[in-house]
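Subject: Structure handover

Hello,

Please find the structure below. My notes on what was found in it follow.

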Amino acid sequence: MENLRSKCISLLEERGVTLDDIADCARFLQAEYHIDLKKEELLESVMSVLDKREVQFAILTGVELDRSAERGQMIDKDLEAILRRDEGLYGVDEVNAYGICNLYGSIALTNFGFIDKRKYGIIDYLNKHGKSGVTCNTFLDDIVGAIAASAASRFAHKWGK
Ligand code: MG
């Protein structure tokens, strides 16, 4: 198997998400504690989060489900319709994302809840586009939020005040 981190980065880019976008979300989550923080300073943490095998598997799984639903390729058409609608009570997309946050402690979990509600930056974009009927980003918005929340948590643990 090729380097899974590179594969995940390409997969995210194919779905419209760059490392820069994720670093910007992580910066947003830490901005209150480090006023002059630049998103570039969060990139190392984003890369470190993406290095973990459990994170990579969460990305592969979530993106595959989004793409299958988007292309009308799921076997279960009821589930496909639920994913395409991004139905509010579905919740498995968030549970997949918790798998990422759980590796980075309670700060990652609370950060994830916060950015999920605030829909900052690329997360807002993914969420709006996912509801357009053309694209399915049901899993992706949570994955991106969880990577950003985890990167912010890693940064906080390292440079916390
Ligand atoms: Mg979602």
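**The largest pocket**

The largest pocket has a volume of about 170 Å³. A pocket here is an open set of points on a 1 Å grid over the protein atoms alone, where a 1.4 Å probe fits, with protein on both sides within 12 Å along at least five of seven lines; lining residues have an atom within 4 Å of a point. The volume is the space filled by probe spheres set on the points, which are joined across faces, edges and corners.

The model is predicted, so local features need pLDDT of at least 70 and side-chain atom pairs count only at pLDDT 80 or more, while totals for chains, interfaces and linings use all residues. Residues are numbered from 1 along each chain as its sequence is written, and side-chain values use heavy atoms, with hydrogens and water left out.

The pocket lining includes Phe28, Tyr33, Ile107 and Phe114. Helices α2 (19-30) and α7 (105-118) each give two or more residues to this lining; helices are DSSP runs (H or I, at least four residues), numbered from the N terminus. The largest share, four residues, comes from α7. By class, the lining has six nonpolar, three polar and one charged residues (Ala, Val, Leu, Ile, Met, Phe, Trp, Tyr, Cys and Pro count as nonpolar, Asp, Glu, Lys and Arg as charged, and the others, Gly among them, as polar).

**Salt bridges**

The whole structure has 13 salt bridges, each a side-chain nitrogen of Lys or Arg within 4 Å of a carboxyl oxygen of Asp or Glu. Arg27 pairs with Asp24, with the closest N and O atoms 3.2 Å apart. Both lie in helix α2, three residues apart. In the salt bridge of Arg67 with Glu64, that distance is 3.1 Å.

**Confidence**

The mean pLDDT (the predictor's confidence in each residue, from 0 to 100) is 94 for the protein.

Regards
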